Amino acid sequence: DQFTLHLKCILGGKLTPVFLKQKGFAMVNLLGESDSTPYWQLPSHAHLHWYGKTTNRIGRKMGHLTALDSHPKKALKKALLEKRNFQI
């Protein structure tokens, strides 16, 4: 993963080859838009990374969505469509 690779780089360790799973990747941040409790439907075409924060407020980063596809623009479209299911 990226953290192991980062530590190996800092500590002068042997770096392992990195291979892309898909040519397209996108990430969309999930930022608080109110003080209310967030709710959502689980994404079906993206992966949810929720930070486990219990207090919501405007502008607070609560998590992010990542999506893969054959092109970055297609991945971004997937992630943005999934973001519509979040009320933060």
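Me: Which pattern does the protein chain follow along the sequence?

Reply: Helices (H or I, at least four residues) and strands (E, at least two) are DSSP runs, numbered from the N terminus. Here the protein chain reads α-β-β-β-β-α-β. That gives 2 helices and 5 strands. The model is predicted: local features need pLDDT of at least 70, side-chain atom pairs count only at pLDDT 80 or more, and totals for chains, interfaces and linings use all residues. Residues are numbered from 1 along each chain as its sequence is written, and side-chain values use heavy atoms, without hydrogens or water.

Me: Where does threonine 66 sit?

Reply: Threonine 66 lies in strand S4, residues 61–69.

Me: Is threonine 66 buried or exposed?

Reply: Buried means under 20% relative accessible area, exposed over 50%, partly exposed in between (1.4 Å probe, protein chains only). Threonine 66 has 13% relative accessibility, so it counts as buried. Across the protein chain, buried residues make up 25% of the 88 residues.

Me: Which residues does threonine 66 touch, leaving out those up to four places away in sequence?

Reply: Contact means heavy atoms within 4.5 Å. By that rule threonine 66 touches Phe25, Ala26, Met27, Ala46, His47 and His49.

Me: How do contacts divide by sequence separation in the protein chain?

Reply: Take the contacts with a separation of 6 or more: 61% of them join residues 24 or more positions apart.

Me: What box do the C-alpha atoms of the protein chain fill?

Reply: Along the principal axes, the box is roughly 45 × 30 × 20 Å.
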